[in-house]
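Please examine the sequence and the structure shown below before reading on. The paragraphs that follow move from a single chain to its partner chain and then to the DNA.

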Protein chains: 2
Amino acid sequence: MDLEEARKQARLGWQAGAIFRPVRTGNAFEETVERLLQAIKLGVFGFGDRLPAERELAARLGVSRETLREALRTLQQAGCVEPRRGRYGGTFVTYRMPAPDVADLRRAARDLGGALEDALTYRQVLEVGAAEAAARRTLSPDQRAHLESRLTDLEGAPPEQYRQLDSRFHLAIGELTGSPTLAAAIAEARMRLNDLLNAIPMLDRNIEHAAEQHRAMVGAILAGDGDAARRATEEHLAATAALLRGFLA
Amino acid sequence: MDLEEARKQARLGWQAGAIFRPVRTGNAFEETVERLLQAIKLGVFGFGDRLPAERELAARLGVSRETLREALRTLQQAGCVEPRRGRYGGTFVTYRMPAPDVADLRRAARDLGGALEDALTYRQVLEVGAAEAAARRTLSPDQRAHLESRLTDLEGAPPEQYRQLDSRFHLAIGELTGSPTLAAAIAEARMRLNDLLNAIPMLDRNIEHAAEQHRAMVGAILAGDGDAARRATEEHLAATAALLRGFLA
DNA sequence: CCCCAATGGCCTGATTCCAGACCATTGAAG
DNA sequence: CTTCAATGGTCTGGAATCAGGCCATTGGGG
């Protein structure tokens, strides 16, 4: 019967896999949990920060308040979040990023399985393209200042915040393209790799290299040099991927 | 109150827009209709072709058979599709691509609105990156042959099939990256622009230029020359975008 | 001190969507 | 001619999700 199945695949063949992929990402509740968790792990909200109010968050996520609350309850039971009632209350983050650990890294990689190469390729294409696109745009003074402040935030980061600020820096470049779809895709790609990236032990030498590459990226983008922005981003992502593969080998 | 809203946006600010985008793309039924329609317009299924059986299609789209059938009923009423019962029956495509029309083009562009630039940027980043990624991979003889056959299909295409075969060609490059996510993203980007692209009048001169650019892309990918693949794709997409903007101006 | 606006907590009815079963039809294979 | 496997056509019960309202709590402002 496997052969029969295989023949069916071949008959459809083509890119049917891309076109006929699932319409809905399964469960609204689980998807909501995942989104919130990723928002926290990505550093959009740090320890002690308040999430948007339930009603607003539900609207943004396109989900009913009931479903959102179910997700928040799950996160609460997992100890990631804590609700407080009353005016000036809200849902507050109680999650702290665990220290990097090679065992976690290997486990996360195993969980991803064959999707690892997929995610790395996807990320590479999106972020390299975004850097080039951002460089070729005319950026407003606000946008330029925003990018620079993301970079200085990152360079002065204490170790426990480094990963989150690194995420914010990379997401900021996506935003500079002016394409919401592209920014969202970059966020999604990074979410997939996030557990992996967060588990990479941080060596001073690597951080210094990364800082140089970050500066090169920002410099090229601000100078409007698309080619340089692309090359710098390529180099940076290749280094990260190599580091990752090194710990997995 | 608008000011209050604006201040809220600023407080969240960041990439919250990317992270807290809607979880579900609204309605499962409507989304299914859209997907099937795009699959047909994209040329995955031509006139007279049979769609996969309902049970299989429902499984692939991650939707219940009831929902899928509701979508098919809608497409049937729109005259795009026709069901036949019995063994060796199925759902058959009765849609024919309308002739390109500048009025349609302007209407489609108006429907897209501000999302047009977004979609063009997204497409550019994805397809340029995919071409480079495909070129840098080691392709199997099957893959190489597949790409070449897509190109020859396109070059020998009668006008009424040109757009569909053009789509297939571009989607094939996405598949060559080996990243299903990237291939899916390219399909999605193209779906958004599809009504626009299909409405562009085809001038012999443009078709010849496009054919040259296609050959350059294939040549570079098969030669493993990433830089050349990127440049050729960049040029091709820039030409298409310029053509588009020309008709809209 | 009291009020009240903003927040989380809770409930209900309606709607959408799903999983699975069963029926009706058809045409090729035996 | 009969069989039968694959297909579309139909139905039902239940789960998930939504829309909206109302309640309980809280702390700052009057």
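Domain bounds, as the term is used here, come from an automatic or database domain assignment. On that basis chain A of this predicted model is divided into domain 1, residues 28-93, and domain 2, residues 102-248. The C-alpha centres of these two domains of chain A are 25 Å apart. Where the domains meet, domain 1 of chain A contributes five residues to the contact and domain 2 of chain A contributes nine residues. On the side of domain 1 of chain A that touches domain 2 of chain A, there are one nonpolar, three polar and one charged residues.

Within chain A, helix α4 spans residues 54-61, and A:L57, A:A58 and A:L61 are buried in this helix. These residues lie on the same side of α4(A), because they cover an arc of only 100° around the axis. Just after α4(A) comes A:G62, which takes a positive phi of about 65°.

Is A:L244 buried, exposed or partly exposed? A residue is buried if 20 or more other C-beta atoms lie within 10 Å of its own. A:L244 has 19 C-beta neighbours inside 10 Å and therefore counts as partly exposed. Leaving aside residues up to four places away in sequence, A:L244 touches A:L196 and A:I200. The C-alpha atoms of A:L244 and A:A199 are separated by 9.5 Å, although these residues are 45 residues apart along the chain.

The next topic is the contact between chains A and B. Chain B gives 47 residues to this contact, and chain A gives 47 residues. On the side of chain B that touches chain A, the elements giving two or more residues are α2 (16-19), α3 (28-41), α4 (54-61), α7 (115-136), α9 (159-176) and α10 (180-198) of chain B. The largest share of that side, nine residues, comes from α7(B). By class, the side of chain B that touches chain A has 29 nonpolar, ten polar and eight charged residues.

How are the two copies arranged? Chain B is superposed on chain A by a rotation of 180° with 0.0 Å of shift along its axis, and the RMSD is 0.1 Å. The two copies are therefore related as by a two-fold rotation axis. The same surface serves both copies, since 100% of the contact residues of chain B recur in chain A.

The DNA strands complete the picture. DNA strand C is surrounded by 25 residues, of which the closest are B:A28, B:S64, B:T67, B:G86 and B:R87. Two or more residues of the surface near DNA strand C come from each of α5 and β2 (90-93) of chain A and α3 and α5 (65-77) of chain B. With three residues, α5(B) gives the most to this surface. By class, the surface near DNA strand C has six nonpolar, nine polar and ten charged residues.

Around DNA strand D there are 25 residues, and A:A28, A:S64, A:T67, A:G86 and A:R87 come nearest. At least two residues of the surface near DNA strand D are supplied by each of α3 and α5 of chain A and α5 and β2 (90-93) of chain B. Here α5(A) gives the most, with three residues. The residues of the surface near DNA strand D divide into six nonpolar, nine polar and ten charged.

Terms used: Residues numbered from 1 in each chain as written. Chains lettered and ligands numbered in written order. Predicted model: local features only at pLDDT ≥ 70, side-chain atom pairs only at ≥ 80, totals over all residues. Buried ≥ 20, exposed ≤ 12 C-beta atoms within 10 Å, placed from the backbone. Helix = DSSP H or I, 4+ residues; strand = E, 2+ residues; numbered from the N terminus. Arc of directions from axis to C-beta. Contact = placed C-beta atoms within 7 Å. Nonpolar A, V, L, I, M, F, W, Y, C, P; charged D, E, K, R; others polar. Least-squares fit on C-alpha atoms with pLDDT ≥ 70 in both. Near = placed C-beta within 6 Å.
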